[in-house]
Amino acid sequence: MSSSAPSPSSTAPTASSSVPRRVLDWRLRFGLLSLVWGFSFLFMKVGTESFAPFQVTLGRLVFGTAVVAVAMAVKRERLPRGTWTWVHLAVAGLLLNALPFSLFAFSELTIPSSLAGICNATSPLWGMALSLVALSEDRPTRRRVAGLGIGFLGVLTVLGVWQGFHGLDVTGTALALLASLSYPVGWIYVRRTLAGSRHSHLSLTGAQLGLATLQLAVVTPLFTSVPTSFPVLPALAVAALGALGTGLAFLIQYDLVAEVGPTTAQMVTYFTPVIATAAGVALLGESLSWSTPVGAAVVLAGAALTQARPRSARGRNTPAPAAGAPTGVRQESRA
C-alpha cells in the first residue's frame, strides 16, 4: 500500500528456500496484509479530518519506523554503511515513502478513500510502462501490452469518462495517481542503484524509513502549525496507519515473499482496492456508483496481465519488496 516497491538487496529467499516454521499459516498472514493495506486508506481519511496531510504522513512514518526499528533490534541488525548507500536510500525514502504517502494524504482531502485505494492499484500499470522505457532488458509482450491497454480503459471507467468526469475532483484524483506512479519510479531507481547491496533487506529498509521520516520532520513544520488538540479517533488512525499499515505490513510482506515467493505474495495487491472500497462504503458512508467496482475490476485484470512473465523467466531468485512499494509492481530484482 499505500498503501502499499522493491528491496535494495540483491537476493532474498524464495519459496523453495529453507524457512523457519511460522506460528500463523501464510494464508492467514496474506489475509491480514490485505486487510491492513486495504484499511490504510480509511485510516488516512480519518486522520486528515483533524490533522494536516503532512502531519498524518509524518506520524505514519514515525510509527512505521519504530516498528521496523524494534524488529532490527530483536534481530540485532546494524544500519548500512557507505555514503553513497545512504544517498541512494534517501532518494528511495523520498520516492517510495515520503512523497507517495504525502500525495495520498492530500488526495483524500477531496476524494473518497475507496477511490484512492483504486488509484493505488494502477501502480503495476505505471511500472510496466516505465520499465519498457527505463529497463532495456524488460521486453514487451503482446499480453503485457494488452494488459496496459485494458488497465487504462479500467481507469477511464472508474473516472466516468463518458460523463465528462462530472462530479470528479480532478486535483485529488491526479494526486492519487501521481502517488501510485511514484512507487515504480522509486523501484526503478532502487534497482539501478542498490541492487546487489551486501546489506540485509531489513537493515536497508529501516534506514530508508528513517530517512523518509527525517525528510517529513523537516518539511512538516514549514507548512503546518502544531495541532492544538489531538482527537482520539484521528490520532489512533494515524498510529494504526504507521504501526500496522507501514511497519507491520512490511514485515509481513517480506515474510510472505520468503515463504511462498514474490509471485504469490504480490497477489495481495489485487485484494487491497476491494477492501479499501468496502471499508470506505461500510464505515465512512462513501457513495459507490456502478462504474467504480466495474472499472476497478478492469484495472486489476489489466494489472494482472502486465505482470505476466515468460515461463523461462519464472523461478528466478527475487528480493522482497522495499518498504512502501506496492507488491503489484513486477520486479526482476525483486518483488
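Predicted model: local features only at pLDDT ≥ 70, side-chain atom pairs only at ≥ 80, totals over all residues.

Author: Residues are numbered from 1 along each chain as its sequence is written, and side-chain values use heavy atoms, with hydrogens and water left out.

Reader: How many helices and strands does the protein have, and what makes a run count as one?

Author: The protein has twelve helices and zero strands. Helices are DSSP runs of H or I with at least four residues, strands are runs of E with at least two, and both are numbered from the N terminus.

Reader: Why is Arg76 called exposed?

Author: Exposed means over 50% relative accessible area, buried means under 20%, and partly exposed lies in between (1.4 Å probe, protein chains only). Arg76 has 77%, so Arg76 is exposed. Arg76 sits in the loop between α2 (53-74) and α3 (83-107), and has a positive phi of about 55° although it is not a glycine.

Reader: What makes Phe39 partly exposed, and why is Phe43 called buried?

Author: Phe39 has a relative accessibility of 25%, which falls between the two cut-offs, so Phe39 counts as partly exposed. Phe43 has 17%, which is under 20%, so Phe43 is buried. Both lie in helix α1 (residues 26-47), four residues apart, about one turn of the helix.

Reader: How many aromatic pairs are there, and why is the pair of Phe39 and Phe43 called tilted?

Author: Rings of Phe, Tyr and Trp (its six-membered ring) pair if their centres lie within 6.5 Å; planes under 30 degrees apart count as stacked, over 60 as edge-to-face and the rest as tilted. By this rule there are eight aromatic pairs. Phe39 and Phe43 are 6.3 Å apart centre to centre with 40° between the planes, so they form a tilted pair.

Reader: What makes the pair of Phe41 and Phe104 edge-to-face?

Author: The centres are 5.5 Å apart and the planes of Phe41 and Phe104 stand at 80°, which is over 60, so the pair is edge-to-face. Phe41 lies in helix α1 and Phe104 in helix α3, so the pair ties together parts 63 residues apart in sequence. Both Phe41 and Phe104 are buried.

Reader: How do you know that Arg60 lies over the face of Phe101?

Author: A charge sits over a ring if NZ of Lys or CZ of Arg is within 6 Å of the ring centre and within 35 degrees of the ring normal. Arg60 is at 3.6 Å from the ring centre of Phe101 and lies over its face.
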